[in-house]
Amino acid sequence: MTVKARRAVWTSRFILILATLLVAVPLIYQLGISFKQPDEVFSSVLSPFTLNPTLRNYEVVIRSVPILTYLANSAAFSIGVTVGQILLAVPAAYAFSYFNFRFKNLLLALVLVSLMVPFVVTYIPNYLLLAQYKLINTLPGLILPMLGVSLGFGIFLLRQHFMSFQREIIEAAMIDGASSWQTLTWVVAPANISALSALAVYILINTWNQFIWPLLIGGGRPEAYTLTVGVQMYFTNPEGGNRWGSLMAASVLTSLPTIIAYLFMRKGILRTFTEGAVKG
Amino acid sequence: MEIQHEAAFSAQVAAPPAAFADTVRKAARRLTPYLYLAPALIAIAVFVYLPLARTVQLSFYQGNLLNPTRLYVGFGNYQEILSSPIFHETLLHSALYLFFSLIGSVVVPVSLAFLTLQLTDREVDFYQSVLFVPTVVAFNVVVLIWAFFFLPTGGGLLNSFLALFGQPPNAWLKDPVWALPSIALIANWKLMGFHFLLAVAGLKAIPKEYLEAAYVDGAHGWSLLRRIVLPLFAPTGLFLIIITLITSLDAVFTPIRVLTEGGPNNATNNIMYAIYSEGFRFFRTGHAAAISVILIALFGGLIYWQYRLLDRRVVYDR
């Protein structure tokens, strides 16, 4: 490599490292402040680190906020939406990949377009629909609309995977006398298990992080708060002065599950996000 | 059963001699794909398309969340909104948000992605993984750290930092000029890593042989980038621009809700947040619905364009 080329590589590297640091800075402060003593938050504001770290902020959060209730709500909401969407998306993607039928293209178009309708447009009508059936501030009220609103992505993603799956294997299963349902549950689904689990983690993370919708539907009853809503209510709660430490602790606790999922399934998650958008 | 499936796969099979049992079996066979589709399609119809229809209906009424069809007003809501200076301001702010997003969520991540061309996969993987973290953390929760950054007092993080260079404190989110760029910065911080990931994936999809051939032919640096990489990257770039335009107003939604609620004095409002606040803060469902219809009309072209891109990938690729 010439000197010039090597210098270009180092310039690129320098800029990328700088960008990475800039993006990480807010997260570093978030973590750092959560371990600071309350009086340290402003006295050494520029330093994200502290020499005498404390778990006091975490203690305050756990004692003053029913965090286990919120955690249970977040978990039930995320798992409910994930299981529901997978159960709906798998057969639909299967039908779109292996069957030929009238209106196929039209129905597929409706599925894809549904993904592009801004979420905010559906808030009011869905709120009214849920109110009509007395589902506001309930778990089913939280979960049900999410089964339709972002379902298209799962169908789209799975269809791509199903279609790249060897057609001969499926035809062989059929010739062996398997029904289409058996082919789906014995052959297609198990063979695509990595795509399915990546999709499941993707939906889990996105649902866990939902905020506006749980605020609208569960925000009226503290027993129905998810973690994201709970932290928001803690933030806007007027009592208490300098609570930045405990606020940051609360947000670290809320982010922890998705960060852990990301650490363990990074490759699959990055692939799912990419495939959903670019490769197709 | 097997017959049913063979038929399903080989599309059109010549109809066997007509017999009643056969007709029934054929009908069942035709129905099978719809049975697989029905649950998903019903969910989408009930929670996406029905609400869309309801939105159009509500836009002709004056009402609130308890009684959304209290009074029929025809096009009254549209007239009021389209002639309101506040709505014009909201549209202008929406355009500003789009502009900032094109920089922060297209130009920046694409430029960074181009810088990775000379680096090893492992190194690029590291940058991707770190830059992607904001995508997986709950947005309303990380926004709180930005509240701390942008504290209006001299003790706030950004103001303390600027004080090192002798700059006076700024009110940021409470300042009518700085509030919108600050909110836009937060949203782009959240989106940038995801778009970087997509841009790198788009670059990696360019066959290495093309680059090597061009390199052998003497193309280097700028000319390599401009003549070879850029044209091959164009579809990904276009896709990024479209999804940025579609998602950018949505991306600022959470920071606006948590930090400014559209203020100070409407300075950070945009068309999507206006729908939310009309409906759930001012309880004017008719206005919210009419703005929704206007939003869809404005974005319809974009949505259709994205659909065409997605559709091409879905239907014709394999």
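## Interface, rings and a helix

In this predicted model, 17 residue pairs, both members at pLDDT 80 or more, are in polar contact across the interface of chain B and chain A. On the side of chain B that touches chain A, helix 2 (residues 20-58) of chain B gives the most, with 19 residues. The contact involves 94 residues of chain B and 104 residues of chain A. About 9300 Å² is buried between the two chains, and carbon and sulfur atoms give 77% of that area.

Two salt bridges are found across the interface of chain B and chain A. Arg13(A) forms a salt bridge with Glu123(B), with the closest N and O atoms 2.6 Å apart. Arg13(A) also lies over the face of Trp10(A), 4.5 Å from the ring centre. In chain A, the charged end of Arg243(A) sits over the ring of Tyr234(A), at 4.5 Å from its centre.

Over all chains, a search of the whole structure finds 37 aromatic pairs. Two of them are given in the table.

| Pair | Centre distance | Plane angle | Class |
|---|---|---|---|
| Tyr94(A) and Phe99(A) | 5.7 Å | 85° | edge-to-face |
| Tyr273(B) and Tyr276(B) | 5.4 Å | 35° | tilted |

The planes of Tyr94(A) and Phe99(A) are at 85°, so the pair counts as edge-to-face, the cut-off for that class being over 60 degrees. Both Tyr94(A) and Phe99(A) are buried. Tyr273(B) and Tyr276(B) are buried as well. These two tyrosines are three residues apart in helix 12 (residues 271-280) of chain B, and therefore about one helical turn separates them. Tyr273(B) and Tyr276(B) also belong to a cluster linked by ring pairs, together with Phe119(A), Tyr123(A), Tyr127(A), Trp213(A), Phe253(B) and Phe280(B).

Helix 7 (residues 139-149) of chain A has eight of its eleven residues buried, so the rest of the structure largely encloses this helix. The buried residues are Gly141(A), Leu142(A), Ile143(A), Pro145(A), Met146(A), Leu147(A), Gly148(A) and Val149(A). What covers them includes helix 4 (67-98), helix 5 (104-116), helix 6 (119-132), helix 8 (151-164) and helix 12 (212-218) of chain A, along with helix 2 of chain B.

Note on methods: Residues numbered from 1 in each chain as written. Chains lettered and ligands numbered in written order. Predicted model: local features only at pLDDT ≥ 70, side-chain atom pairs only at ≥ 80, totals over all residues. Heavy atoms only, no water. Phe/Tyr/Trp six-rings, centres within 6.5 Å; stacked < 30°, edge-to-face > 60°. Buried < 20%, exposed > 50% of the residue type's maximum accessible area, 1.4 Å probe, protein only. Helix = DSSP H or I, 4+ residues; strand = E, 2+ residues; numbered from the N terminus. Lys NZ or Arg CZ within 6 Å of the ring centre and 35° of its normal. Contact = heavy atoms within 4.5 Å. Buried area = accessible area lost by both parts, 1.4 Å probe. Salt bridge = Lys/Arg side-chain N within 4 Å of Asp/Glu carboxyl O. Polar contact = N/O pair within 3.5 Å; in protein donor to acceptor, adjacent residues only side chain to side chain.
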